[in-house]
Amino acid sequence: MHKSVIATVLLALTITAITTVTTPAAASVLNISRPSQGQLGLVSVNPYGYAPLTAIIGLAGKQPTDMQVTVLGKGKAGVDIHYSVGHSQLLTYDGVPVFGLYANYQNRVRLSYTLAGKKVDETYNIFTQPLQ
């Protein structure tokens with residue numbers, strides 16, 4: 001009889017201790033917001049590690065169509081590079097491939113595309129490192 005009373009008291013203390021230890025804790029979420037350059041996703045320079053003067057602008061789950069890319073020339077003497085990006089290339093790279101960037105320079109890349117039936121024109125600034 002004496003053992004069953006002690007067992008009951010220990011069980012009650014254990015249950016009390018568990019309920020006080022397992023109370024839900026208030027958690028906070030780190031909310032970091034980064035300014036976006038445009039409506040599409042992140043810009044990845046040299047995405048495969050082999051071509052430092054290229055980039056991919058991610059799609060961020062969006063489905064743009066009629067994609068036109070213009071890499072603006074460097075200074076007044078620079079020549080703009082203009083090309084279209086088809087649907088299959090957008091799917092292959094899961095983004096907009098950008099090539100013809102200048103080394104060690106803040107490149108300006110203009111995108112024109114259609115998103116959800118609306119025409120979008122925006123400019124991305126893409127910095128590249130110096131070539132080694």
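Which residues is L111 in contact with, leaving aside its neighbours within four places in sequence? The legends below take up this question and then turn to other parts of the model, which is a predicted one.

**Figure 1. Overview of the protein chain, with its two helices and seven strands.** Read along the sequence, these elements follow the pattern α-β-β-β-β-α-β-β-β. The protein chain has 132 residues, of which 27% count as buried, and it exposes about 9400 Å², with carbon and sulfur atoms supplying 60% of that area. When contacts between residues at least 6 apart in sequence are considered, 54% of them join residues at least 24 apart.

**Figure 2. Close-up of L111 and its contacts in the largest nonpolar core.** Apart from its neighbours within four places in sequence, L111 is in contact with L40, I57, M67, Q68, V69, V96, V120, D121, E122 and Y124, which answers the opening question. The largest nonpolar core has 20 residues, and among these V96 and L111 touch the most other members. At least two residues of this core come from each of the strands β2, β3 (65-71), β4 (81-85), β5 (95-99), β6 and β7 (118-128). Strand β6 gives the most to the core, with four residues.

Figure 3. Is T114 buried or exposed? T114 has a relative accessible area of 18%, and because buried means under 20%, this residue counts as buried. The side chains of T114 and D66 are joined by a polar contact of 3.4 Å.

**Figure 4. Close-up of a nonpolar surface patch made by Y48, Y50 and Y93.** The patch formed by these three tyrosines has an area of about 430 Å². One of its members, Y50, is found in the loop between strands β1 (43-45) and β2 (54-58). Why does Y50 count as exposed? The relative accessible area of Y50 is 76%, and because exposed means over 50%, Y50 falls into that class. In this view Y50 is exposed, whereas T114 in the previous view is buried.

Technical notes. Residues are numbered from 1 along each chain as its sequence is written. This is a predicted model: local features need pLDDT of at least 70, side-chain atom pairs count only at pLDDT 80 or more; totals for chains, interfaces and linings use all residues. Side-chain values use heavy atoms; hydrogens and water are left out. Buried means under 20% relative accessible area, exposed over 50%, partly exposed in between (1.4 Å probe, protein chains only). A polar contact is a pair of N or O atoms within 3.5 Å; within protein, one must be able to donate a hydrogen and the other to accept it, and residues adjacent in sequence count only if both atoms are side-chain atoms. Patches are made of residues with over 30% relative accessible area and no salt bridge: like charges are joined within 9 Å, nonpolar side chains (Val, Leu, Ile, Met, Phe, Trp, Tyr) within 5 Å. Accessible areas come from the Shrake-Rupley method with a 1.4 Å probe; for residues, only the protein chains shown count as cover. A salt bridge is a side-chain nitrogen of Lys or Arg within 4 Å of a carboxyl oxygen of Asp or Glu. A nonpolar core is a set of buried Ala, Val, Leu, Ile, Met, Phe, Trp, Tyr and Cys residues joined through side-chain atoms within 4.5 Å. Contact means heavy atoms within 4.5 Å.
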